[in-house]
Amino acid sequence: MTESREMMASAYFDVPEALLVIRRNAAGARELFLAILPGGQVTAFNGHVDLGTGIRTALAQIVAEELDIPFERVTMVLGTTTAVPDQGPTIASETIQIAAKPLRLAAATARRHLLQMAGALHALEPAVLMIENGVIRPRGESNWELDFDELISGRNEEIEIDPAAPVKAVGEYRLVGKGQKRNDIAAKATGTWSYVHDVRVPGMLHGRVVRPPYTGFDSGDFVGRSLISVDEASIAHIPGIVSVVVDGDFIGIVATREEFAAQAARELKTRWHALPDFQDLSEPEEPLRQNRSKPRLLRDQGDVERALAGASPLMERTYVWPYQMHASIGPSCAVADWKPDELVVWSGTQNPYPMRRDLALLLGMPESSIVVERLEAAGCYGRNCADDVTADAALLSRAVGRPVRVQLTREQEHAWEPKGAAQVIDVRGGLDLEGGPAGYEFDTRYPSNLSPTLALILTGRVPNTPDVAEMGDRTAIPPYAFGNMRVTVHDMPPIARASWFRGVSAMPNSFAHESFIDELAAAAGVDPVEYRLRYLTDSRAADLVRAVTEKAEWKPRTRPETEGAEGDLLYGRGFAYAVYVHGKFPGVPAAWSAWVADVAVNKKTGEIAVTKITVGQDSGLMINPDGVKHQIHGNVIQSLSRVLKEKVSFDGLKVESVEWGGYPIMTFPEVPDIDVLMLPRPNEEPLGVGESASVPSAAAIVNAVYDATGLRFRELPLTPDRILKALREQRGELLAGSAAAIPKKRSWWKLPLALAGIAGAVAGGITLASPVRGAFAPIPRPDPGVFSAATIEKGRLVAAAAGCNVCHVGADGTAFSGGHGFETPFGRVYSTNISPDLVHGIGNWSYPAFERAMRQGVARDGRHLYPVHPYTSFAGADEADLQALYAYLMSQAPSVAVPPENTLKAPFNIRGLLAGWNVLYLDPQPFKVDETKTASWNRGAYLVETLGHCSACHTDRNMLGAEKQGSAHLAGGYADGWVAPAINGAGASPVGWTRAALFDYLRTGHSADHGSAGGPMAGVVKSLSALPDEDIAAMSEYLASRGDAVSGEEAAKQREAKLVAADAAKGRALEISPAGARIFEGACVSCHESASPLAGLALNTNVSSGRPDNVINAILGGMHAPAVLTAQASAADLEIMSMPGFAESLSDRQIADLAAYVRARFAPDEAPWEGMKEAVSKARAAVAGH
Amino acid sequence: MKPQSIHLTVNGKSHELDLSPDTPLLYVLRNDLCLNGPKFGCGLGECGACAVLVNGKTVRSCSISVAAAEGRQIVTLEGLGTVEAPHPVQKAFVEQQAAQCGYCLNGMIMAVAGLINRNPDPTEANIREALKAHLCRCGTHMEILAAARRAVELMREARLDETRLVEIPVEKSRREEAL
């Protein structure tokens, strides 16, 4: 159990020995900042928390420095409300700049006090004493020393922070300003650090939430008021469900195990009011312009209108920033333990005290009854769902009266985190007669607020009308001395749920400032760095700009395309500078940052490779320079990712990007070289470094792309399709020209209508002709003892060859209990219970009744069975095999399962019609041995054609649902939503089937040249695993003989050619489906670009198939590695893998895009599939119905 | 699916569990065996936070079932080494301070360990490729790459040490013989 309760501040006041440093808050209550404890241990308290930036280490350095003790002796307590002072939310790079100040003073106060005490003991002035490594002694030679223990022993003393206490001079620092290894990484690298995700409390249950369909929106009339009903019966089949909690639009499920809660959350059926139509925020410019707003003038100096009237050229530019997300790598998690008089939550919140107020409001409890235990969570760069999930856990714990852990899903974290808001910035400016900036009019729109805790809105505790927060003004004032300038922020409420994200509005605002000044410089014919320096009045900024450009060996330039080109690559360099101004306007500057970016733009594909970033920063005094460097690296990589790749896509009132395919971020191969320059400013105030280096990113990159190509981009992200389109326009190429090269399109849905394995008669004449079949009398269940063991064993193999359990297995895995639904054009048919239960199964069937059912499709009581049951194949079965099968089935455990009723449309629901059908299509001939062939071939033929009933799926069916004859036999069919490819040699698999490949596939469910068995075939292979190798070899021999099986050498040649073609098709596929390429890169490459033969796609028959069904099914429902394969001893070296289903993670549009990419890349010679979105939606409906 | 008896070998220890065989391995490692190294990141095999070694290969434990892992050697972050006695890959990550929030760290270490198992002398491109589908949002890539390079060196040294350990007794016995 990992139960983590921080020692309360009040307990420190009661320990027998301590020196405590406190501060009284406005209400006069004691807030603890520092505790010097026996053994020289020091515990220090801070209201801010570590979001992964290493602030825990930097704060400990500050304390150790002021007290002159070893770093290792300091333990930091961060965020927990019973222990630390309320210092507000951890935001805006304020921890070192603001929140650390009282802590430093507390340490300084303690230091002075200790020296005074030591001085009093030895009758010396404190000024002649010093502390070194936690030991107090006189300066110079001395014969005594004492440690802190001797001073604190025997009493608990409290002193108050003295703002006038002398702090150490920078020159005396020995820890601050030096690189310090972090105090958490060793534990994190060995799995012994407790994140909030790792908290376990005795008696803890597991919760999941079900969020409303308006994913990622928290304002509007419908919010909190859309739920119609919750069908608890829909999860009645899942074990361990403790409670379903509903409050307004809030739904949560509590279960005994995490996987039960997860399954229940997926399967719970809920009904919601229809959502209103909504604008598409994927293209945010118009929605932001239309959003109600209030102008707030930030700066108006000179005469902008007059200056612009005389500007030449006059430049009016619009910059568009997309919605982006924090995208924490771990979805938020929390544990809550509610009791009537106290709530304890374990939370990764960055706002412990503000969140406590929200919890008090949500639960109607006093704040003083709520304890927030703060633990680290996955990195958060603004706001994620940490507070939301804490509130969720509190609601669920209160409902069940036990501790509950709630883990959000990846999809929920992506969808519901408060987004980094989109932003639209209009700039008007131009050059005066001397080439200087004539005037500068800047208007910025930023729809965001503080994002109320979600549960408060979903339950209706707070109104669903959004507040407006004034946060669009960060770095809105340009850093340049523009004489005539007007800067306005248009404050507006959020549209999608949005809140601050690293760099807040400063990052987009600087994108505009720094792009625009680059354009001014270009128009003026002046080097962009030189141009900036002319108007940069801040000397520290100018120093930084000079230092960075010098380090990067910047060469002045007055036109683009001076860095040259090589092959398809165009090289360019760009510069940008910014100071991040945070907090309420006019705000406080954090560290200064400047970038030189080197890029290579591929003119054929539009891909931008960022090859090197030279980044400089003036951070003032750096507490931990290693930590500062780490933050700079992090900011560079994250902001590059945002600029190059990131944009949230929406589908009406839904966030569509809910996993890493829909929202790809930077990966290792894309990471550039980063050269960091940190200006030494030890005598200046320490500045926040958590965000600054992100701010110049976008402009540096677009300026570099301009330098490479002469093209200016004013909208992000800089995805290859955006770049390529502009390059082509620049080259005067017609965009539509490429379409001609796409192979001729074939419409897969126009292929002959394939009917699933069900037949019904539509002609009335057949009805009239139907004979009435009699019933066999019921018998008592045969005693299994009458069958010999050898017969039962033979029957087991027959059942395996016939794959009885592929269809008749119960949903819970119980053999032969039935209930599997088959979607057919005529309605839905369920497999029956064929266990020997007297009432629900076939326990009262005599052998003759059984044999008739097998060969003629008539049940014991005379009812006709639907030919989903492949009696047309079984008709030819060997008598002894059927007898053995009967014996085997009768020896099985009875099951009382009752399959659901068939839901067939009239007239197919009239079973009697099948009699006429049988007259037409049932050939009751026994299997005929071909004397000209080997015994093995004949054995294979028997297994394939009778017991194995391969044709039931692999043969197309006619309008009446009967298998077609002649050349159509085994030439491919369609069953249960899956394409069953041709197995007669006529199939268009990328590599021809060899006998060996057939054997591998049937034996292991996988062939390196063809892929893995999925859908119903996976079950068939599993079933066949009971058969000896000779039988599988016989089937392979027979199947190979039916078509043009290729030789091993031919197959190898085909394989090589396909792999080369797939590799070559990469660029083309990117062009055909750029959105699909992004999803593939984010969601699929972890397996599908690995060397693993299990996941290769270029040789996969399904990707080359005329119909996309199997590919869509695999994406929606996932694929399991063939169990037979992984179970083999020889497979120990094989990487085990399974493909998860993406039904809840990718939209129809996304799956269509992805499948289009997969087709273009891995089956480049085949025509694109068409009508994909509809096909996906159809397949999704079929999956949901199962 | 109905619970059944599952036998797992994790970090060298045997565990008998009664579970539905399709339970994701990650939930079993975390909730039943209380191993906190592997982290839940996406449940889709995309991010790598849940990686473990199965028979020495890096596998995403969120997307394989506990049944698929049966009969194989599973090693989690905890099974590699401890703070006091870290595995060379862990040691390299600590040395290079290759974490910000550290949530992805498990996957990075497991990916590097798996890489070195199959390729003891990877190139820079091999390293980046092996880490391609392991996501880090804090932007710790520079430090992680440095750690991976360092891990390759430390593993090489460790292999040399092992060779030496083998050689010493041989020399000793020869010495004994000679005497």
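Modeller: Leaving aside neighbours within four places in sequence, A:Ala44 is in contact with A:Phe33, A:Leu34, A:Leu59, A:Ala60, A:Val63, A:Val74, A:Met76 and A:Leu103. Please keep in mind that this is a predicted model.

Colleague: Which residues touch the most other members of the largest nonpolar core?

Modeller: That core has 394 residues, and those touching the most other members are A:Ala44, A:Val63, A:Ala394, A:Ile701, A:Val705 and A:Ala1155. As a general point, nonpolar side chains in soluble globular proteins tend to be buried together.

Colleague: And which helix gives the largest share of this core?

Modeller: Helix 3 of chain A, which spans residues 95-122, contributes the largest share, with 12 residues. There is also a second, separate core of 10 residues, and its members include A:Phe822, A:Leu913, A:Leu914 and A:Trp917.

Colleague: How many bridges join strand 30 to strand 31 of chain A?

Modeller: There are 4 bridges between strand 30 and strand 31 (residues 827-830) of chain A, and the two run antiparallel. If you want a pair to look at, A:Glu823 stands opposite A:Arg828, which belongs to strand 31 of chain A.

Colleague: What follows helix 35 of chain A?

Modeller: The helix is followed by A:Gly1118, which has a positive phi, near 80°.

Colleague: How is chain A split into domains?

Modeller: The domain assignment gives domain 1 (9-188), domain 2 (196-277 + 332-407), domain 3 (501-734) and domain 4 (754-928). The C-alpha centres of domain 2 and domain 4 of chain A lie 48 Å apart.

Colleague: Last one, what does the secondary structure of chain B come to?

Modeller: Chain B has 7 helices and 5 strands, and along the sequence they follow the pattern β-β-α-β-β-α-β-α-α-α-α-α. Of the 179 residues of chain B, 58% count as buried, and among its contacts between residues at least 6 apart in sequence, 57% join residues at least 24 apart.

Definitions and conventions: Residues numbered from 1 in each chain as written. Chains lettered and ligands numbered in written order. Predicted model: local features only at pLDDT ≥ 70, side-chain atom pairs only at ≥ 80, totals over all residues. Domains from an automatic or database assignment. Pairing = 2+ DSSP bridges. Core = buried A, V, L, I, M, F, W, Y, C linked by C-beta atoms within 7 Å. Buried ≥ 20, exposed ≤ 12 C-beta atoms within 10 Å, placed from the backbone. Contact = placed C-beta atoms within 7 Å.
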